[in-house]
Amino acid sequence: MALKFLGIWPNTPDDGSPTIWLEDTTGDLIIQSWKADEATIREAQQVGLVPGHSTDIPEHETVIRLPANMLQFIPRPEGKDNDGGHSGT
C-alpha cells in the first residue's frame, strides 16, 4: 500500500488536524478527522436505515465528520470541478 497525501485542514494547528490521503492501488480515501458525536450517529442510523441491514457500527468501523472545506482534496473524475463548489476557506 502506498499513500498519496492529498491535503490537510487549511491553517491547521500542530496536532489533531483533519487530513486526507489516497491509497494509490485501490483508490480508497484514508481520512483522519473528528469522530461524529452521538446525535450525528443516531441521525445517520435513522437516515441510512436499509431493511434487513443493521445500522449498528461494528467495532472495526467508526463514523467521522469530514469538514466541508476538506472536500476540495477529494479526487474527482477528470474534467469535473475539483472543489465541489467549496473554496476550503
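Which residue in β2 does Phe5 stand opposite? The residue opposite Phe5 is Trp21 of β2.

## Basis of the description

The structure is a predicted model, in which local features need pLDDT of at least 70 and side-chain atom pairs count only at pLDDT 80 or more, while totals for chains, interfaces and linings use all residues. Residues are numbered from 1 along each chain as its sequence is written, and side-chain values use heavy atoms, with hydrogens and water left out.

## The sheet

Three strands form an open sheet in the order β1-β2-β3, with antiparallel pairing. Strands are DSSP runs of E with at least two residues, numbered from the N terminus, and two strands pair if DSSP finds at least two bridges between them. The edge strands, β1 (3-8) and β3, each pair on one side only. From one strand to the next, the twist averages 20°; axes are lines fitted to C-alpha atoms, and angles run from 0 to 180 degrees between N-to-C directions.

Strand β1 is joined to β2 by five bridges, and strand β2 (residues 19-23) is joined to β3 by four. Trp21 has Ile30 as its bridge partner in β3, and Thr19 has Gln32. Five residues lie between β2 and β3 in their hairpin, where Gly27 in the turn has a positive phi of about 80°.

## Cover and surface

Strand β2 is mostly covered, with four of its five residues buried. Buried means under 20% relative accessible area, exposed over 50%, and partly exposed in between (1.4 Å probe, protein chains only).

Ile30, in strand β3 (residues 29-32), counts as partly exposed because its relative accessibility is 31%. Together with Met1 and Leu3, Ile30 makes a nonpolar surface patch of about 330 Å². Patches are made of residues with over 30% relative accessible area and no salt bridge; like charges are joined within 9 Å, and nonpolar side chains (Val, Leu, Ile, Met, Phe, Trp, Tyr) within 5 Å. A salt bridge is a side-chain nitrogen of Lys or Arg within 4 Å of a carboxyl oxygen of Asp or Glu.

## The aromatic pair

The structure holds one aromatic pair. Trp9 and Trp34 form this edge-to-face pair, at 5.2 Å centre to centre and 75° between the planes. Trp9 lies in the loop between β1 and β2 and Trp34 in strand β4 (residues 34-35), so the pair ties together parts 25 residues apart in sequence. Rings of Phe, Tyr and Trp (its six-membered ring) pair if their centres lie within 6.5 Å; planes under 30 degrees apart count as stacked, over 60 as edge-to-face and the rest as tilted.

Trp9 is partly exposed at 25% relative accessible area, and Trp34 is partly exposed at 39%.

Terms used:
Accessible areas come from the Shrake-Rupley method with a 1.4 Å probe; for residues, only the protein chains shown count as cover.
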